[in-house]
Amino acid sequence: MLQASLTCFVIAISLASGECQLESDFIDYDTSPQECTKTDTAGQKLRLVFSDEFNQDGRSFKDGHDPVWTAMTLAPHSNEQLNSYSLDNIFTKNGSLHIKATVNTGSKGPPYQTAMLQSWNKFCFTGGTVEMRARLPGDAY
């Protein structure tokens, strides 16, 4: 099962060092102040514009329930995918977002089921860097 948190940065615009704009609905209040600014590999200063620590247990990602995320419920027919997306396969618990993959034992639909979150038409940005901390199942190589 995947466990994750997500942080996005854009090029800084005259922001005091270490200052987060916590009045923004898009920065999680539990984000560490050390995460507010970073420098990319080219030496450019980046400013935090979005973070989600997924630390509230039992969040609902049904359409309209979350200000940023919507969990998709569909069986895509593009790319010959062997999975469908279900709201039942995504949840928050113990300070993490959990995305699980299951085998569809029913006779209808694709053989696998997982989850997909989207922020389309809720949070958009142009340029910058996206960072994600995730713990994936299995052993490291």
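**Thr92 and its neighbours**

I started with the contacts of Thr92 (contact meaning heavy atoms within 4.5 Å). Leaving out residues up to four places away in sequence, Thr92 touches Phe54, Gln56, Asp57, Gly58, Arg59, Phe61, Leu97 and His98. Thr92 sits in strand 6, residues 90-93.

Is Thr92 buried or exposed? Thr92 is buried, at a relative accessible area of 3%. The scale I use is under 20% relative accessible area for buried, over 50% for exposed and partly exposed in between, with a 1.4 Å probe and protein chains only.

I also checked for polar contacts (N or O atoms within 3.5 Å, one able to donate a hydrogen and the other to accept it, with residues adjacent in sequence counting only if both atoms are side-chain atoms). The side chain of Thr92 gets to the backbone nitrogen of Arg59 at 2.9 Å.

**Ground rules, noted before going on**

This is a predicted model, with residues numbered from 1 along each chain as its sequence is written. Local features need pLDDT of at least 70 and side-chain atom pairs 80 or more, while totals for chains, interfaces and linings use all residues, and side-chain values use heavy atoms, leaving out hydrogens and water.

**Aromatic rings**

Next I went for ring pairs: Phe, Tyr and Trp (its six-membered ring) with centres within 6.5 Å, where planes under 30 degrees apart are stacked, over 60 edge-to-face and the rest tilted. The count comes to 3 aromatic pairs. One of them is Phe50 with Trp69, edge-to-face, 5.9 Å centre to centre and 80° between the planes. Phe50 belongs to strand 3 (residues 45-52) and Trp69 to the loop between strand 3 and strand 4 (70-71), so this pair ties together parts 19 residues apart in sequence. I find Phe50 buried at 2% relative accessibility, and Trp69 buried at 9%.

Trp69 also pairs with Phe54, this time tilted, at 6.0 Å centre to centre and 35° between the planes. Both residues lie in the loop between strand 3 and strand 4, and the pair ties together parts 15 residues apart in sequence. Phe54 is buried too, at 3% relative accessibility. Ring pairs link Phe26, Phe50, Phe54 and Trp69 into a cluster.

Asn121 is not a glycine either, and has a positive phi of about 65°. Asn121 is in the loop between strand 10 (117-118) and strand 11 (129-135), and is exposed at 60% relative accessibility.

**Largest pocket**

I ran the pocket search on a 1 Å grid over the protein atoms alone; a pocket is an open set of points where a 1.4 Å probe fits, with protein on both sides within 12 Å along at least five of seven lines, and lining residues have an atom within 4 Å of a point. The largest pocket holds about 270 Å³, the volume being the space filled by probe spheres set on the points, which are joined across faces, edges and corners. It has 16 lining residues, and the closest to its centre are Asp25, Asp28, Asp52, Arg59 and Pro67.

**Whole chain**

I finished with the totals. The chain has 0 helices and 11 strands. Of its 141 residues, 34% count as buried. Among contacts between residues at least 6 apart in sequence, 65% join residues at least 24 apart.

Methods:
Helix = DSSP H or I, 4+ residues; strand = E, 2+ residues; numbered from the N terminus.
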